[in-house]
Amino acid sequence: MPKFLHTADWQMGRTYSRFDAEDGAALVEARYEAIERLAALATEHQCDAVLVAGDVFDAQTVSDRTIRRVFNATSGFAGPWVMLPGNHDAALAESVWTRAMRLGAVPPNVHLALESGVTSLPEQGIAVLSAPLTQRHTYGDLTQPFADMETEANFLRIGLAHGSVQGLLPDEIDSTNPIAPDRTSTAKLDYLALGDWHGVKRINERTWYSGTPEPERFRNNDAGYVLIVDVENPGATPQVTRHETARYQWHQWRETLSVPSDLDQLLIRIGELTEASVLDVKLNGILTLSGDQKLTEALSIAEARYRSVTCDRSGLQLEPTEEDIAELHADGYLGEVVQELRESQQATEEDEAATVARDALGILAGLLKSKDAEVAQ
């Protein structure tokens with residue numbers, strides 16, 4: 001029973017400039033670890049081959065060190081690998097792939113499908129029909145020639161491609177490269193292994209996207225898996241199982257706070273995350289001064305616990321309660337300042353003055369509470 005592992009969209013060499021240096025470096029390292037994990041999975045499950053459906057590299061300009069590290073990470077699986085150029089690492093006349101070959105970085109068991117055609121794996125009984133991208137964007141279906149590609153009668157016919165199955169994917173995928181939704185039937189494929197959509201997605205029983213093995217975006221689309229595919233014999237229905245490979249879980253929340261219980265629920269959700277979390281929160285609505293202090297403390301704890309935490313509070317308006325004002329002991333001039341800052345927040349959300357007023361009010365509240373704490377001591 002031939003069995004192979006289907007993966008794609010490694011995007012090696014990707015950088016994370018929006019994060020601080022420590023977090024960005026950890027996210028980069030997690031991508032190398034993902035390759036090692038999928039190699040170990042292929043060995044553990046006695047796979048006959050590993051098929052990589054494009055975008056091994058994030059760009060043509062990745063460093064030589066990145067190229068060497070990528071191929072070193074595949075050493076955990078000694079069987080054949082078939083790697084396909086995608087839109088980020090297209091098989092140009094001079095490309096990251098030709099550089100890898102000049103460096104001598106490509107192991108003997110790694111087959112680079114740089115041209116349209118068949119990679120035959122006789123020992124495994126698998127014929128891989130490849131449709132590599134030779135430029136970033138194409139407007140014709142590069143899998144169309146599969147129908148005319150001849151393979152051994154008793155070999156599995158496995159298609160390997162990178163692009164967009166027409167009519168079945170959202171508009172925001174990486175590239176335009178079209179793929180016919182009925183390609184498995186017109187080309188008599190046992191399975192079509194696809195890349196470009198960064199999450200696991202079943203198109204039909206023989207056509208799947210594996211997604212990226214390590215999430216790199218705030219998008220809830222089942223990223224962080226690889227697929228292991230069993231096909232009993234040519235023509236049999238593939239048995240597809242997904243295996244988690246993600247190191248980090250990415251969460252993006254957009255929350256509106258209207259009443260104190262909204263904040264309480266948010267803080268509970270934050271506290272329930274696993275340590276391997278990358279969290280991005282954007283908040284809108286109204287918050288009391290005491291609630292603002294609770295939020296600040298909770299975020300401080302979360303920043304030390306999780307991989308990365310960012311919180312955009314620009315959409316929040318601070319609304320001190322009478323209890324808040326009383327606790328600040330802001331009499332006289334300070335009371336007037338607090339009232340003026342409260343009124344300044346009534347400007348439109350886009351007004352920079354409103355943001356400055358909110359931040360100033362939060363800082364003033366923190367200073368006054370710190371002063372009260374020192375006096376109490």
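This is a predicted model: local features need pLDDT of at least 70, side-chain atom pairs count only at pLDDT 80 or more; totals for chains, interfaces and linings use all residues.
Start with aspartate 23, which pairs with arginine 307; here the closest N and O atoms sit 2.8 Å apart. The two partners come from distant parts of the chain, 284 residues apart. Aspartate 23 belongs to helix α1 (residues 21–44), while arginine 307 is found in the loop between α6 (289–305) and β17 (308–318). Aspartate 23 and arginine 307 are both buried.

Next comes the pair made by glutamate 94 and arginine 102, again with 2.8 Å between the closest N and O atoms. What about exposure here? Arginine 102, at a relative accessible area of 56%, is exposed because it clears the 50% cut-off. Glutamate 94 has a relative accessibility of 46%, so it falls in the partly exposed class.

Then there is lysine 294, which forms a salt bridge with aspartate 264, the closest N and O atoms being 2.9 Å apart. This one runs from helix to helix: lysine 294 is in α6 and aspartate 264 in α5 (residues 260–271), so the contact ties together parts of the chain that lie 30 residues apart in sequence. Lysine 294 is partly exposed, its relative accessible area being 40%. Aspartate 264 is partly exposed too, with a value of 32%.

Finally, some salt bridges share partners, and these join Arg18, Arg254 and Asp280 into one network.

Conventions: Residues are numbered from 1 along each chain as its sequence is written. Side-chain values use heavy atoms; hydrogens and water are left out. A salt bridge is a side-chain nitrogen of Lys or Arg within 4 Å of a carboxyl oxygen of Asp or Glu. Helices (H or I, at least four residues) and strands (E, at least two) are DSSP runs, numbered from the N terminus. Buried means under 20% relative accessible area, exposed over 50%, partly exposed in between (1.4 Å probe, protein chains only).
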